[in-house]
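Dear colleague,

I am handing over the structure we spoke about, and my notes on it follow below. Please read them with the coordinates open beside you.

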Number of protein chains: 2
Amino acid sequence: MFAAPMIPAFYPPRRILMGPGPSDVHPQVLAAQAKPIIGHLDPLFVSMMDELKQLLQYAFQTRNEMTLAISAPGSAGMEACFVNLVEAGDKVIVCRNGVFGERMRQNVERCGGIAVTVDFKWGEPVQPAAVEALLKDHPDARFLAFVHAETSTGALSDAKALCALAKRYGCLTIVDAVTSLGGVELRVDEWGIDAIYSGSQKCLSCVPGLSPISFSAAAVAKITARTTPVQSWFLDQSLVMAYWSGGAKRAYHHTAPVNALYALHESLRLLAAEGLENAWARHQAMHQELRVGLEQLGIAFVVEEPYRLPQLNAIYIPQGIDDAKVRATLLNEFNLEIGAGLGELAGKAWRIGLMGFGARRENIALCLHALRQLLN
Amino acid sequence: MFAAPMIPAFYPPRRILMGPGPSDVHPQVLAAQAKPIIGHLDPLFVSMMDELKQLLQYAFQTRNEMTLAISAPGSAGMEACFVNLVEAGDKVIVCRNGVFGERMRQNVERCGGIAVTVDFKWGEPVQPAAVEALLKDHPDARFLAFVHAETSTGALSDAKALCALAKRYGCLTIVDAVTSLGGVELRVDEWGIDAIYSGSQKCLSCVPGLSPISFSAAAVAKITARTTPVQSWFLDQSLVMAYWSGGAKRAYHHTAPVNALYALHESLRLLAAEGLENAWARHQAMHQELRVGLEQLGIAFVVEEPYRLPQLNAIYIPQGIDDAKVRATLLNEFNLEIGAGLGELAGKAWRIGLMGFGARRENIALCLHALRQLLN
């Protein structure tokens, strides 16, 4: 026998999370998650999942039947969209203006699809004109894929305009809403989004580990018409849906993460109680407060004003400032986490999140006060 | 806008879970999970993950470097093993003696592998002689895949003998330990298991949603020698490992399910404190108590004694008893969940779990008392 390691209990400190996610979890959500476990086929759990579906439909503003939470993080939600929809040889136009557009391209290729990429500068939104040019050049494209809110740069793209374009050229849309859901305007049915995925750990203020997704009737029809099996058994939506929508007859697929789903149920209830439009307005109002304070410190934003995400503020690190040292001091002396730059922005930018429960004045006060001390 | 649904808070009842999993979660584990969230790249979280790896190595009895928890349920752990190891055209001998062997076959085929199946009656263990015959017939087989503890039937197979056989014929082994880990003897290094996956929600008494896995050096070499990319981005171990083993330099892959990992850390600490061998002995002792009581009620086991899993007791439903009615009464009047039969055993058998924290005398007393009332 290998001996048992002697490991003490883990006591995390109380941090304030103002990075790119996970964001602060609402106390009611943490409490919901700690409720006693029941079976994943218990009739009471089945009812709870039915409620969860209604709450997700509200958050996405959709009546899509295929609306549920993947039992894994947002990157699995992304993969769920691509593996179910994209078959070998399908052409997908992929917009890249940060890390997550590139991850979409990798997903397309791992499904055997053909990715046609269109690039935009980091910090810029996806430009509909450039996308339209590509749609014209590729009349055989089946999908347009883009990121609504780029977590790596803080840029918001015009999902409504891009979806309208895609429809005009006969493409289905696959939209990354990991950081946008609950934080900025998003209307799945009105905008005609066909497949969308998000994450629990951003503007929903839930624990990380779940990925809300929704597929339109057209997307479901594409899945139904597949001639090859979905390469992932775990993410095969025809199997997952038999579990989520079977009612009393639901078919066992995998063991649902029961306690995490309690947490998502509670976080979506909080969103419904606040009202989506109020939540969007709150994110915008808190962003404006943070913006004013940062500008007083002489800090510049990476993204031009019309495209700035209120929930993810990418800012340039001032000249002469030690990136890692400031972030470490914020963490160790103020228990405040802000995000490092990612990819092209590593070492050049910070990312300050104002997400969900974290989009609150107390947090802005702490962040501005601490930065004022450390940058002078 | 679609209006917000009015959904009340969800208050689950206090159930006793004696089904096939999820099992009762230890109170300390629920409490650990409810601790405040910190960032998934926080140095304190990184240290916690290093400890988690040591604890998983102990539970698996391995020194494998590639030992970690997949951020998704056991079926994703299964898929992680197959998609990383099996390349198009690779031949895999798959043993089927219940639901999960069949799921392995589907995984092989979805990776483009060639599955050669060998079938055993439901309730029987995998027979090494039949496997050896197949290994002889298929000298080009690269893998032997089997389920250590079949959750659908309650049968234990001789993993040690099967792995020794596989080695003799030059095959790597892929072992399903979803229900076995922590409940019965399992020694990854000593037995020469190459790839193994489990689940958090069985004998570890943790919340569902995580899948501990471990790959031997030979398995890692097979992955490293791949000429094609792993079809799943989310489960690609070369990417996942850069996150789990990068230390201070860990590369962002996906957002770890922070609170669920707190829970796994605590549940593995409890296992280490009890000692693996003590935990195995406790499962066996509790099984014997349950067995005596069930036999007094005239109930017969599905599996022959030498192959019975102590943690999952598959028993025949007595003649003339209404399966669904008894299970509903147990649930509604005793708050006790036992498992229905699955697949070939649906309507014919019940599955009584004694897993982890649930393998305790109080639960056996409740179960036997309630069955005595309902079956007479």
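B:Pro22 sits in the loop that runs between strand E1 (16-18) and helix H1 (27-33) of chain B, and the peptide bond that joins B:Gly21 to B:Pro22 is cis, with omega about 5°. Please keep in mind that this is a predicted model. In chain A, the bond from A:Gly21 to A:Pro22 is cis, with omega near 5°, and A:Pro22 is placed in the loop between strand E1 (16-18) and helix H1 (27-33) of that chain. Most peptide bonds are trans, and most residues other than glycine have a negative phi.

Turning to the interface, 83 residues of chain B are in contact with 83 residues of chain A. The size of an interface is often given as the accessible area lost when the parts come together; between chain B and chain A the buried area is about 7100 Å², of which carbon and sulfur atoms give 65%. There are 4 salt bridges between the two chains, and one between B:Asp42 and A:Arg15 has an N to O distance of 2.7 Å. The count of residue pairs in polar contact between chain B and chain A, both at pLDDT 80 or more, is 25. On the side of chain B that touches chain A, the elements giving two or more residues are H1, helix H2 (43-60), helix H3 (74-85), helix H4 (99-110), helix H10 (258-274) and helix H11 (276-296) of chain B, and that side has 45 nonpolar, 21 polar and 17 charged residues by class.

Over all chains, a search of the whole structure finds 44 salt bridges. Within chain A, the side chains of A:Glu295 and A:Arg291 form a salt bridge at 3.1 Å, N to O, and both residues lie in helix H11 (residues 276-296), 4 residues apart, about one turn of the helix; A:Glu295 is partly exposed at 39% relative accessibility, whereas A:Arg291 is buried at 18%. The side chains of A:Arg327 and A:Asp323 also meet in a salt bridge, at 2.8 Å, N to O, and because these residues are 4 apart in helix H12 (residues 323-334) of chain A, about one helical turn separates them. Of that pair, A:Arg327 is partly exposed, with 24% relative accessibility, while A:Asp323 counts as buried at 14%.

In chain B, the closest N and O atoms of the salt bridge between B:Arg96 and B:Asp119 are 2.8 Å apart. B:Arg96 lies in strand E3 (residues 91-96) and B:Asp119 in strand E4 (residues 114-119), so the pair ties together parts of chain B that are 23 residues apart in sequence. B:Arg96 is buried at 19% relative accessibility, and B:Asp119 is partly exposed at 49%. In chain A, a network of salt bridges links A:Arg96, A:Glu102, A:Arg105, A:Glu109 and A:Asp119.

Two buried residues of chain A may also be worth a look. A:Asn64, in the loop between helix H2 (43-60) and strand E2 (66-70), has a relative accessible area of 9% and is buried; beyond its sequence neighbours up to four places away, A:Asn64 touches residues including A:Gln57, A:Val188, A:Asp189 and A:Phe215, and a polar atom of its side chain lies 3.3 Å from the backbone oxygen of A:Phe215. A:Trp244, in helix H9 (residues 237-244), is buried with a relative accessible area of 3%, and its contacts, leaving aside neighbours within four places in sequence, include A:Met49, A:Leu52, A:Leu68 and A:Leu261.

Lastly, strand E11 (residues 312-316) of chain A has 4 of its 5 residues buried and pairs in the antiparallel sense with strand E13 (residues 349-353) over 5 bridges, with A:Ala314 standing opposite A:Arg351.

With best regards

Technical notes. Residues numbered from 1 in each chain as written. Chains lettered and ligands numbered in written order. Predicted model: local features only at pLDDT ≥ 70, side-chain atom pairs only at ≥ 80, totals over all residues. Heavy atoms only, no water. Buried < 20%, exposed > 50% of the residue type's maximum accessible area, 1.4 Å probe, protein only. Contact = heavy atoms within 4.5 Å. Polar contact = N/O pair within 3.5 Å; in protein donor to acceptor, adjacent residues only side chain to side chain. Buried area = accessible area lost by both parts, 1.4 Å probe. Nonpolar A, V, L, I, M, F, W, Y, C, P; charged D, E, K, R; others polar. Pairing = 2+ DSSP bridges.
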